[in-house]
Amino acid sequence: MSDVSNNGGAAKPKPSKLNPNVVPMPEQDAKVRAGNFDEVPTGYTMEMAQEEASRCLQCKNEPCRPGCPVEVPIKDFIGLLRDGDPIAAANKIKETNNLPAICGRVCPQEEQCQAPCVVGKKGDPVSIGALERFVADYQRDHGDHDAAIELPESTGKKVAIIGAGPAGLTAAADLAMIGHSVTVYEALHAPGGVLAYGIPRFRLPQAVVDSEVEMIKKLGVNIEYNAVIGKLFTIDELVDELGFDACFIGTGAGLPAFANIPGENLNGVYSANELLTRVNLMKAYQFPEFDTPIKPHNKVVVLGAGNTAMDCARTSLRLGAEVTLVYRRSEAEMTARIDELHHAKEEGVDFQLLTNPVEVIGEDGWVKAVKVQKMELGEPDDSGRRRPVPIPDSEYEIEADAFVVAIGTSVNPLVPNSTKNLDLNKWGYILADPSTGATSKPGVYAGGDIVTGAATVITAMGAGKDAAVAINRYLGGPEPEVAEPEEEVGTA
Ligand SMILES: Cc1cc2nc3c(=O)[nH]c(=O)nc-3n(C[C@H](O)[C@H](O)[C@H](O)COP(=O)(O)OP(=O)(O)OC[C@H]3O[C@@H](n4cnc5c(N)ncnc54)[C@H](O)[C@@H]3O)c2cc1C
């Protein structure tokens, strides 16, 4: 049994100020949760989930479905839940999505499936993510996790997947379900990619990732850990020497970017990935049970405005620091999900906006302060956002013993550069057909952040799915059966 569950005995909390029409999900009090790594929202009860499901109009034309990059049958799963069958609802989602408990928690539904929701035109859209999370958790916690598995006959074809992130795991699962023999090569000692090393446990508990990866392994997918492709084997060697018939590259974009300001070589300066990997993957937050080194810091300055910056700020807070987040534009330009921003504020992160770091100041080799400069917004730049312009003579220092840079990542060049005849774009990302993932090298496909640059879990999964279809065709595998359309029951 997992350490996360649906919220059996919770009382219904007050409606949220952010989404007043949605059935609110109970969550830990901000002061309490700022001191622990337990999940913040604690999940719906069955009653709450059914009440929220009853807001769905069951629209015949399902505008929500194309909003999801893996086209989850949203109307159908919500209908099954509303009718009292959460396990059938979970199995319905799994027809197109092998990671529903993960997606229910981390997908930006407000920009995807919930954006075209008809209910949202006159209020808040149906909380599709919360319902997806509920049914997936319900199925896991009620022991029906294996119900949907029926292993196919082997096709005799072998596929190598490079990277066990959402793109690789999705491609692996879909190919295994057709009957291909799938081996995933993962550089780290654990599966999940960013799901394991990046997104903190208070947003995505380990048990949720473990349980969904376990399901993928039950499909027959073999995962080889500590296997750095480009070093252990090249892609060419996987094909020529190990006999793989096709490869999918899903190695993500994990190379950290820095601010290129003086002082970034001081002790106490971290990239977001280093901080988050130490804490999440190496479990520094469970010290001394796990003896990963992470120096306790008292005052942390985080630079950035996206989900990663919020994750770093909230993680540092939980490790006991006072946290200041600096960003050179205003709140309107921040790219973090509104929920994450709201949670970070509630937990006590100090936001110093229109503020840009110009130098990290050190003493005896360690960070002592971050010198920042105030900014104002000028004319829009190429991105359409108003350009931040420095205000002369506005510099000041923020006392700090750590500085965390969370301003993005770029491509890890190992696989692209060690693979012959693989076309790359000018930034080093792999050039791949957007609808099939086919690269310039026959039999080699790619998808997820290694193609698009940093994006989202569900877009990486969508790319993995599309590539699985294309790889199966390339291998001459059986076409998956298409289900007969069900009779329409919708009203709207
Ligand atoms: C801190 C953080 C928070 C985020 N929060 C969200 C969120 O809330 N919602 C959301 O939708 N998206 C979020 N994202 C973005 C999302 O996680 C990524 O877009 C997504 O994980 C990309 O999936 P991927 O499979 O392409 O790559 P990754 O998840 O990066 O996985 C790539 C895998 O390949 C492995 N690998 C790399 N090189 C090699 C090699 N040479 N050999 C073998 N294996 C290799 C890596 O170790 C890794 O396991 C977040 C990203 C970060 C960094």
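Analyst: What follows is a set of questions about the terms used for this structure, each answered from a value and a definition. This is a predicted model, in which local features need pLDDT of at least 70, side-chain atom pairs count only at pLDDT 80 or more, and totals for chains, interfaces and linings use all residues. Residues are numbered from 1 along each chain as its sequence is written.

User: Why is F233 called buried?

Analyst: A residue is buried if 20 or more other C-beta atoms, placed from the backbone, lie within 10 Å of its own, exposed if 12 or fewer, and partly exposed in between. F233 has 20 other C-beta atoms within 10 Å, and therefore counts as buried. F233 is found in the loop between β3 (222-224) and α10 (235-240), where helices (H or I, at least four residues) and strands (E, at least two) are DSSP runs numbered from the N terminus.

User: Which residues is F233 in contact with, leaving aside its neighbours within four places in sequence?

Analyst: Two residues are in contact if their C-beta atoms, placed from the backbone, lie within 7 Å, and with those neighbours left aside F233 is in contact with L238 and L242. F233 and V415, which are 182 residues apart in sequence, are 10.0 Å apart in space, C-alpha to C-alpha.

User: What makes N260 exposed?

Analyst: N260 has 7 other C-beta atoms within 10 Å, and because exposed means 12 or fewer, N260 is exposed. N260 is found in the loop between β5 (255-256) and β6 (269-271), and its phi is near 55 degrees, a positive value in a residue other than glycine. Most residues other than glycine have a negative phi.

User: Is D393 buried or exposed?

Analyst: D393 has 7 C-beta neighbours inside 10 Å, so D393 counts as exposed. The place of D393 is in the loop between β12 (386-390) and β13 (396-399), and phi of D393 is also positive, near 55 degrees.

User: Why is α3 described as largely enclosed by the rest of the structure?

Analyst: Of the 9 residues of α3, 7 are buried, so this helix is largely enclosed. The buried residues are I74, K75, F77, I78, G79, L80 and L81, and they pack against α2 (46-53), α4 and α6. Just after α3, G84 takes a positive phi of about 95 degrees.

User: How do you know that the buried residues of α4 line one face of the helix?

Analyst: In helix α4 (residues 86-93), the buried residues are P86, A89, A90, K92 and I93. Seen down the axis of α4, they fall within an arc of 155 degrees (the arc of the directions from the helix axis to the C-beta atoms), so they line one face. What covers them includes α3 (74-82), α5 and α6 (128-141).

User: What makes a set of residues a nonpolar core?

Analyst: A nonpolar core is a set of buried Ala, Val, Leu, Ile, Met, Phe, Trp, Tyr and Cys residues joined through C-beta atoms within 7 Å. The largest nonpolar core here has 140 residues, of which A172, C247, F248, V302 and V404 touch the most other members. Leaving aside neighbours within four places in sequence, the contacts of V302 include A309, C312, V323 and V404.

User: How is the chain divided into domains?

Analyst: The bounds come from an automatic or database domain assignment, which gives domain 1 (30-141), domain 2 (158-254 + 411-474) and domain 3 (257-409). The centres of domain 1 and domain 2, taken over C-alpha atoms, are separated by 26 Å, and the contact takes 19 residues from domain 1 and 23 residues from domain 2.
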